[in-house]
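Let's take a friendly walk through the charged side chains of this model. Have a look at the sequence and structure below, and then we can go pair by pair.

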Amino acid sequence: MTIEVFDTADDVARAVAARVADALAARPSLVLGLPTGRTPIATYAELRRLHGAGRADFSRASTFNLDEFAGVAASHPGSFRTFMNTHLFESVNVAPDRIHFLNGTAPDLDAECARFEAEIGDAGGLDLQILGIGGNGHIGFNEPGEELVAATHRVTLADSTRRDNAALFGGNPAQVPREALSMGMGTILKAATILLIATGERKAHCIERTVRGPVTTRLPASFLQLHPRAEFYLDRAAASRLRT
Ligand code: F6R
């Protein structure tokens, strides 16, 4: 993996957005994997700015989001789909029929996961997967545990993850669904290139373990050590425990 450290979170956002814009310029039909969460908000703002300036053209690109809550409709204000509409899709020229999302209200959630995994394959696989990282080392909704599921699958959310997502559900962790759908670590690791973004002191410990620790299902992000093209974009705070 390569690690780049920037002074501020805004510098990270500018670097990642520029990296994505360059990838779109080099390959207009780019297949992008996208995260939600607080971390990518600044990157999406910068991508909107680059698009407005004519420097990021999504017209031929496809997108696949990492995850979605089970039982939550796309139109729900707390859904990840609503988040993406607000922060990116409504402000750039990505074609609606090339936006791919897990449907948390599909009648058969296992079949929905299989459908989504097949759609990624039909698109030729992910060219560029952007990731955030949970404070407990989760990636997408792949939570730490005894084992990981490789393909897109149903997940029971950790209490800490439900607390982290409470803001989307009126600030009440009890309102956050107990289950979600997520790309698996295998789905993610098949992406040609991975860009991981981490900012803030809260991520310093898990970044240290992700970069320096053993590869373990107890820290799903540690599997990124096995990827041939994983690029980490960190601010000084997130990288603070990497200094010797
Ligand atoms: C969401 C996702 C999650 C987040 C992680 C960090 O699509 O993939 O793994 O990246 O929970 O969230 P923030 O950025 O809010 O700290």
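A salt bridge here is a side-chain nitrogen of Lys or Arg within 4 Å of a carboxyl oxygen of Asp or Glu. Side chains of opposite charge can pair when their charged atoms come close. Please keep in mind that this is a predicted model, in which local features need pLDDT of at least 70 and side-chain atom pairs count only at pLDDT 80 or more, while totals for chains, interfaces and linings use all residues. Residues are numbered from 1 along each chain as its sequence is written, and side-chain values use heavy atoms, with hydrogens and water left out.

Searching the whole structure turns up 12 salt bridges. One of them joins E112 and R115, with 2.7 Å from N to O. Both residues belong to helix 4 (residues 109-122), where a spacing of 3 residues puts them about one helical turn apart. Helices (H or I, at least four residues) and strands (E, at least two) are DSSP runs, numbered from the N terminus. How accessible are the two partners? E112 is buried at 6% relative accessibility, whereas R115 is partly exposed at 33%. For these words, buried means under 20% relative accessible area, exposed over 50%, and partly exposed in between, using a 1.4 Å probe and protein chains only.

Helix 2 (residues 41-52) holds another pair, E46 and R49, which sit 3 residues apart, about one turn of the helix. Their side chains form a salt bridge at 2.9 Å, N to O. Here E46 is buried, with a relative accessible area of 12%, and R49 is partly exposed at 44%.

Now for a pair that involves strands. R154 makes a salt bridge with E179, and their closest N and O atoms are 2.7 Å apart. Because R154 lies in strand 7 (residues 153-156) and E179 in strand 8 (residues 179-182), this pair ties together parts that are 25 residues apart in sequence. R154 is partly exposed at 35% relative accessibility, and E179 is partly exposed too, at 24%. Which residues are linked in a network of salt bridges? They are D110, R154 and E179.

Finally, let's return to helix 4, where E117 is found. With 19% relative accessibility, E117 counts as buried. Setting aside neighbours within four places in sequence, E117 is in contact (heavy atoms within 4.5 Å) with A151, T152, T187 and K190.
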